[in-house]
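Subject: Structure handover

Hi,

Here is the structure we talked about. Please look it over, then read my notes below.

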Amino acid sequence: MSQYQVDIVFDRLGREMKKRLRKATDFLVGTIKENIGFVGPPRSQPGQFPHMDTTALHDSIEGKVHGWGSVVTASTEYASMLEFGTDKMAARPFMQPSLQEASTDISRILVGKEPTYDGGE
């Protein structure tokens, strides 16, 4: 196999892995959005996924692929307060529990298999 053929094979493999990474990132974003999609009242209890009073938190969640990794963010000013709590409010985490919930399916996606769950989509 010549250098040119090897480069083509690696290029195709790279494109396929980027597609899988994009799909896995989108799957996690969908899982998070589904988990916080319960419209309140009542208010969420400590340790529960936050309930939705407005769509601000839900709409702020996005995933971006950077090179061979990805980043999922929630960009509202209160997202970190919900995730980690404050001196006056117990945490209502949504990012880490959603990642734990989706981890098996994310692994399946990255190796080219279909997820067992639809990820909120």
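Strand 1 covers residues 61–66 and strand 2 covers residues 69–74. The two run antiparallel, joined by 6 bridges. Strands count as paired if DSSP finds at least two bridges between them. His 66 stands opposite Gly 69 in strand 2.

A word on provenance. This is a predicted model: local features need pLDDT of at least 70, side-chain atom pairs count only at pLDDT 80 or more, and totals for chains, interfaces and linings use all residues. Residues are numbered from 1 along each chain as its sequence is written, and side-chain values use heavy atoms, with hydrogens and water left out.

Now the fold. The chain has 4 helices and 2 strands (DSSP runs numbered from the N terminus: helices are H or I, at least four residues; strands are E, at least two). Along the sequence the pattern reads α-α-β-β-α-α.

Next, packing. Of the 121 residues in the chain, 30% are buried (under 20% relative accessible area, 1.4 Å probe, protein chains only). Take contacts (heavy atoms within 4.5 Å) between residues at least 6 apart in sequence: 58% join residues at least 24 apart.

Last, a side-chain detail. Lys 18 lies over the face of Trp 68, at 4.9 Å from the ring centre (the rule: NZ of Lys or CZ of Arg within 6 Å of the ring centre and within 35 degrees of the ring normal).

Best wishes

Notes. Buried means under 20% relative accessible area, exposed over 50%, partly exposed in between (1.4 Å probe, protein chains only).
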